[in-house]
Amino acid sequence: MKGFRVLKAVAAAATAFTFYAAAQTNAAESVKIGIIWPLTGNAAAAGQASKAAAEVAADIVNNAHPELGDLPLAKTAGLPNMGGAKLELIFVDHQGNPSLAQQLATRLITQDKVHVLMGAYQSSCSFTATAVAERYGIPFMVGESAAGNITGRGFKWVFRGTPIASDYARTYMRFFADMKKQGKKIDSIAIVNENTDYGTSVADAIVEEAKKANVPVALRIPYSASSTDVSAQILQLKEKNPDVVIFISYTADSILYMKSMNNLQYKPPMVIGDDTGFSDPSFIPAVADAAQGAMNRSAWAIGKPGSTTYKINEMYKAKTGRDLDDTSARNMQSFFALADAINRAGSTDPEKIREALTKTDLKPEQLMMGYQGVKFDETGQNILAATYLIQLHDKSYELVWPDNAATAKLQWPMTGGKN
Amino acid sequence: MNKIPALSPTVLLAVALLIYPLIFSGAFYLDVGVTFLLAAISASAWNIVGGYAGQVSVGHAMFFGLGAYAPLLCYKLYGWTPMAGIPFGIAASVALAILIGIPTFRLTGHYFSMATIAVAELIRIYFGTWDLVGAAIGLQGPATARGWWDLTFRSELPYYYIFLTVLAVLLSFTYLMERHRFGYYLRAIKVGERAARSLGVPVQQTKIRALVLSAMFTSVAGSLYSVKTGFIDPESGFGILVSVQMVIIAALGGAGRLYGPLIGALILIPLQTATNTWFGGGGTGLTFIVYGGIIVLIARYEPGGIYDLWEQISPRRWRRKHAS
Amino acid sequence: MLLLQVIVGGLLLGAIYALFSSGLTLIWGMMNFINFAHGEFVMLGMYVSLLVVMYLGGGPAAFGFGAAFALFVLGVVVYLSLIRYVLRGPMLAQILSTFGLALLLRYTAFWIFSANFVSLPQTSLSGTINVGGILMPIPQLVAGVIAILLTIGLHLMLTCTTIGSQLLAVSEDRGAAMLMGIKPDRMQALAWGLSAGAAGIAGALMAIAYPWSPSVGETFGLTAFVVVALGGFGSVPGALFAGLIVGLIQALSAFWFGPIYKDIVVYALFVALLWLRPQGLMGKA
């Protein structure tokens, strides 16, 4: 008899589920943006941080924020070309599951009737979710996914605001060339990458660009991000002794690498972290005294008090208690580009929004990120996306490269930790 | 007179599944339906060896993954229709089943479960490093169909009926198996291997046959998954969650019963979808708290699965009706 | 020299594997029960340590004890409210129950602590000592030594004390133990407490050197299964031995073949060993 209760609960759940769909149709005068991110599962931390960033961005667009300077749509409340229409965000959680991402994209388009889509963090989920958007003819903004071939599959409806793996790789090579000119010794580099789509894509791109730039890759070490011990990798590096080590890592492993390097008294002339783990707000407090002078790739800089970026960071901090990180900031920038296009389209018609997206031309001063602008090529990739290099000085990152944007002087070699 | 009531639940079920797309014609509901069918197929395939023979494999993702990779690999390498890969997936899975069946079936109980987990994990990690199959990034299907033979449909409807057909074939096969000598062998092994052997059941051979059959159908399920999703990577093909889901669905519904996995999927998939719909966007993890909680409750109060519960209720109802 | 360094690192990690696996093996051997939520116990041990450090202060001794105690209580509660009932059910219901429990625990932690990665603030344990050219990070060294001592302690408790023999009596023959006046239910609850408690301390020891988030338990769970199956179900010395070996194999294969192959090597050896010696290295045939 006890089982009855369970059965009843399940039946109740099923009925309520059917009602949910019915409640979804009360249309309001707003633009619906469906956002697909991993809010649970292994990448949940990144998804959650990006969700908060998107909410801040929506607040900036929907309410008047004249203090935010040239940032498009900040001054006015809502979208001016659409009579002050507000953005309505609908978040869904794909849990890192590509097939679920596909289903959720379908749901957002057919049930929630969203006008545009955004997502999906993991490249695997971006692959499947964008295919749905393409099928239904709904613009899809890829906020942040590394794999090169998400754009360039002949899709008309997919746009990507963020720089991609090959952009990062080229940035590193330009940086190395610059350093060599200044007389720094970069005879060999090592790449340590986590072995899912992100780490593999970026590492492949670096290997390729390094070949073109004639920078010898002494060692490439793929590893699993769930490793609890990385000393073997550190010892391999110690043996080969490269001049620069690039880590393409998630959070726990980045911290573990910096701590273990310190413990095992290994200090290469320079360490470069490829964003992600090195940009996680947990990174600095955990390793500040072990990784002084470690560099990081980031297109985001908080900037001086009073600047637009500083104010955005304050808004984000008020919401989450943490500083905005590069991953979430890039998602936020993509969100702004999307909002700008919707405003210029002046309509919720997907085709008009798509056309407006193809005509996007944001200038550097209109951006919160250090890109040279936002402009999509025929594959939908932002061709003006770029990135800074930042360096850990004391308890915060300082922008050190390129020179024309730098706020602090590059330290080479890195100081490392106490040991 | 007697035959009709015995058949009626089956007929009802078949009719319900056939007309579901007519009632819930929205693409999202169709997709949920397709997901449900796929889960029912995988779990029913697992059921042959895990339920009927009582050999609890927690590594069936190895067959699912092989089946899932084969079509997209054929497409990537030769530009063939993904359909052409399905037989290769089956062949690879059968080979693997025999290869691992021979050593691991010497093990019983938890040892067998652990060995299957280990083999599946081994394959998952290996595929993540293997460039031919796209390593960590995985493989994609045709972005747009070149023709119907690419099985890349704009609508979910064709998938629904393809999957339903496969499920019907699998369940009919299982139904016949139940009544065949082979089915009795399996149940004898489940009850007690030693006793079965003493009665002249070829235990080792029967177990391997069951694994091969189960692997074949699991592989087909994997192929259906990747053809429909248009994408496969090591985690979605060989991940431990893929294996665990099959076990959970079968156990929830009733392992070793013809309709057990179907009933399990009928409960679990709407439950997953509903919790994710209600709580997913909030990002608090409530999805899994509710989901995990309900699994625990069912294990605690209905350890034989929902099918048991149904059997307890239905004859009583039946008798009550006919007594009056 | 480099090789020796690799070996030391592997053994220190292996010691922690041994500690949390010994908890799993206890349950497995005594009740023939797979606990899929064991990795989650380790994860909770890590969060309890963080809470103790944040709200009560104190060094590793304080949070180690706190984690052990909290998890011991949780283990007993889980046994009394859930495991006791599914223990008599079919094996599938057992798998179902602990898998559901794992999700429940993982996402309750997720709900409370969020998905963000956390690490313990710097404790008094830091620095590295140099023994004849081999570098040993003090946190890992202390954690490893404590883990070995505790695992040995657990073994001694099982073999040399009255409670230990009562526990073993229940696992050998429940009926006979009842006739001797031992209450099996109480003993099994105790075993669950000990098992979760060991996982809790292991979590506290891991937390000293390792940042984590709520999904960390998954990794530990799988490792623990391999260690237990290698060591032989129910054998604490087996778990100790197997834990050290797994740690060592992982470190050596990561060094020689590259880190992505380390788990492949461990699983392959595991499957091979299951085939050759299904009862585990130290299990009874």
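Student: In β11(A), which residue is the bridge partner of A:Ser298?

Tutor: This is a predicted model, and the pairing to consider is that of strand β10 (residues 295-298) of chain A with β11(A), which is antiparallel and runs over 4 bridges. Within β11(A), the residue that bridges to A:Ser298 is A:Tyr388.

Student: Which residue in the hairpin of β11(A) and β12(A) takes a positive phi?

Tutor: β11(A) also pairs in the antiparallel sense with strand β12 (residues 396-401) of chain A, here over 5 bridges, and A:Gln391 stands opposite A:Glu398 of β12(A) in this pairing. The hairpin has 2 residues between the strands, and the residue with a positive phi near 60° is A:Asp394.

Student: What is the area buried between chain B and chain A?

Tutor: The contact takes 40 residues from chain B and 45 residues from chain A. B:Phe28, B:Ile137 and B:Trp278 supply 16% of the area that chain B buries against chain A, more than any other three residues. Carbon and sulfur atoms give 65% of the area buried between the two chains, which is about 3,700 Å².

Student: Which side chains of chain B and chain A meet in a salt bridge?

Tutor: The count between chain B and chain A is 1 salt bridge, alongside 7 residue pairs in polar contact. At 3.4 Å, N to O, the side chains that meet in a salt bridge are those of B:Glu156 and A:Arg135.

Notes:
Residues are numbered from 1 along each chain as its sequence is written. Chains are lettered from A and ligands numbered from 1 in the order in which they are written. This is a predicted model: local features need pLDDT of at least 70, side-chain atom pairs count only at pLDDT 80 or more; totals for chains, interfaces and linings use all residues. Side-chain values use heavy atoms; hydrogens and water are left out. Two strands pair if DSSP finds at least two bridges between them. Contact means heavy atoms within 4.5 Å. Buried area is the accessible area (1.4 Å probe) that two parts lose on being put together, summed over both. A salt bridge is a side-chain nitrogen of Lys or Arg within 4 Å of a carboxyl oxygen of Asp or Glu. A polar contact is a pair of N or O atoms within 3.5 Å; within protein, one must be able to donate a hydrogen and the other to accept it, and residues adjacent in sequence count only if both atoms are side-chain atoms.
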